Amino acid sequence: MTIAVKDGFVDTRMSRRGFVAGTVGLSFAFTLGGLGRGGEARGATQPTKFNAFVSIAEDNTITIVCPSAEMGQGVYTSLPLILAEELDADWSKVKTEFAPANPKVYGNPHHLFEGAQITAASVSVPGYFTPLRVAGAQARKVLIDACAAQWKVPASELTTESSMVIHRASGKRMSYGDVVKIATVPAELPKIGEGDLKKPSEFKLIGRKDIGRSDVPLKATGKAQYGIDVRVPGMVYASILQSPMEGAKPKEVNTNDVMKVKGVSKVLPLPFGVAVIADTVEATRKAIDALKVTWDTSGAVAAKFDSEKAKADYAAKGKDPSTETKVEYQAGDVKAGLSGAVKTIEAAYWSEYTYHAQMEPMNAVAQVSEDGKSADVWTGTQFGALAGFILSGILKTTPDKIRIHQQFLGGGYGRRIWPDAAIQATILSNIVKKPVKLILTREEDVAAARPRPMTHHAMKAGLDAKGNIVGWHHRLVSENVDAVASPPRFKATGGKDYIGARGLDQAFYAIPNVLAEYAREERGMRVHAWRGIGSGYNKFAAEAFLDEVGQAAGKDPLALRLELTKDHPRAQAVLKAVVEMSDFSRKRPGHGLGIAFSDYHGTFSAGVAEVSFDDKTGKIKVHNYWIAVDPGIVVQPDNVHAQLESAVVYGLSAALIEEFAVKDGAVQASNFDSYPVMRMSDVPEIHTRIVATDNAPSGMGEIGVVTVAPAIANAMFQLTGKRLRHLPMTPDRVKATMKT
């Protein structure tokens, strides 16, 4: 990629979409070579590095690197804890550092990512669970072998406990810090098999309720450094008036006027907006406010897009049998099942665009070298390796010349997968030949939103004479998230949409004939992953519609779900747990209760909402929300409860409040006055329960979002007899539905 200034405009010769296309060549291959030694010799005072994940110092400090981003979900604690378990480490001596961006060493082997070093989809713990255990067991074996040689006893006679190697027969003990003084890490690390790892019953750290999160003290004392906290010597500040839509470029800019703002040194039109460079943050804000820009939208697909007017097109695609679709899930013969039904039920569901609303606006600090062939970038990112790859292309260098300094994230939720802030800061640093700190205002953050897409759901089910579901057809109409956010997967799957279509399946319900398909809209929006990805809206439609089908069959919502999950004990366990927690069968005068079930990447969950409704304002009040979850082995119980509570609040806000419209391709909201999120006073009592099993851990960050919206909709039906089929369930929509 070349960067040139022509007629006062910066030409990067590549659009944002071009950056996306450039990622097609990414290799996500993961190798266990990542567990090998770093190869460097230990200095007199340097910690001993056992493998890529752990080193031990002579003062007994154990340093474990965290390969994932910490954005509030707790991996800064849970991932090191997994390694420390197999190492038999004294947890009080463990400190955590972020791993560098290096997917060949630190890539997540989970099948969703195949070695990409990305933090998303709630698969950090399930993906790294075994590699980290192996890394801990390797280090432990090296320590034991060193002591066995020193004490001249068989290694089989030695054991470990709380960072000590112990020979019980002789009473000898040696701390890990002392062992590393005599230990030599072999060039080829010990082979570790399944039998060498602990059984769950032997865990001493995993599952402990008294271990808190390592990042909390740092955050409580202000020591944690987020991207927005970073300062480097000689840096200047930047902000960017973002293009109102993908593909729009600045045509006319009042540069001379803006240059009069005190402290402003440059005004730079770019293919994705207009950047201002200044001595202070305040000056950049004044400059952004002073900008007057006309945009060339000739290359913007979204320029004519109006989300409200487009709904007619979406609905037409939902009904038209000739619509081109991609099959996302199929079982049996849905055509035969529906044609043989004695009764069919149909309904349409909707969801609106939602913004990530992360607390920390997008930012990055970049320092490009004098020769423009290397760079240091400080940012909180979910995908640092992608940032390094893209930036190496921009600077025409190799990824190893791009050093991504990972920082804590003030909320991610999928927004920080795409490293646009790092890209923009690096381009600016390369132009001005100084370190640049880019901070987007909230308004620019919203304007550059990468939202959850607007969706339409055409639902149809068939019943036999006994009220059994014999056919289920779910057609999703929306923009393709993979096409924008994951082009390699979009290409590899022939145009399917894993992110957007997640949750369309009915894998845990005993319905003989199912077809879940997806029809693509192409509106030019920068749609991206959002917490819970497609399951958020797909399960809303499916679980609310299931209640409609149950009503038509004369079946109780709970009885129907227990009947459909009869072959899946884990699904039944969470349903029964949440029923017991909420005393589901007990009627509450003036209140309604609704239930919903979901799976998500191997985790099972069931939720119950208790609601009331103000018929004058149309506002729904959620009084209680109960949620039970089976995530397999629980690494940190307290954090699982915290994750559930966080996700429920996120789900409540999306279910009841959050949305933005798009007109002429531009987001109509600008800040939290026009994009409200749930306030503390509206948060209900949240009750959580873990149904722990010895199954492999399966992730917790997003499952709590999924059942919230359908449980509320189902509770509202029990209370009012009216079906709410549109997210968010705002007072205006509720009042309109009550009049039908």
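Start by selecting strand β18: A375, V377 and T379 point one way, D376 and W378 point the other, and all of them are buried. Keep in mind as you click around that this is a predicted model. Color residues 375-379 and you have the whole of β18, a mostly covered strand with five of its five residues buried.

Next, bring up the strand on one side. Select residues 363-368, which make up β17; four bridges join β17 to β18, and the two run antiparallel. For a landmark in this pairing, show Q367, which stands opposite D376. Now follow the chain between the two strands: β17 and β18 form a hairpin with six residues between them. Stop in the turn at G372, where phi is positive, about 70°.

Now for β19, residues 402-406. Five bridges join β18 to β19, and this pair runs parallel. Zoom in on V377 and you'll find I404 of β19 opposite. To get from β18 to β19, the chain crosses through helix α11 (residues 384-394), so select that too; this β-α-β crossover is right-handed.

Last stop: jump to K219, in helix α6 (residues 215-220). Beyond its neighbours within four places in sequence, K219 is in contact with E70, G72, R213, A224, Y226 and F408. Finish by selecting F408, which is 189 residues from K219 in sequence but 9.6 Å away in space, C-alpha to C-alpha.

Terms used
Residues numbered from 1 in each chain as written. Predicted model: local features only at pLDDT ≥ 70, side-chain atom pairs only at ≥ 80, totals over all residues. Heavy atoms only, no water. Contact = heavy atoms within 4.5 Å. Buried < 20%, exposed > 50% of the residue type's maximum accessible area, 1.4 Å probe, protein only. Pairing = 2+ DSSP bridges.
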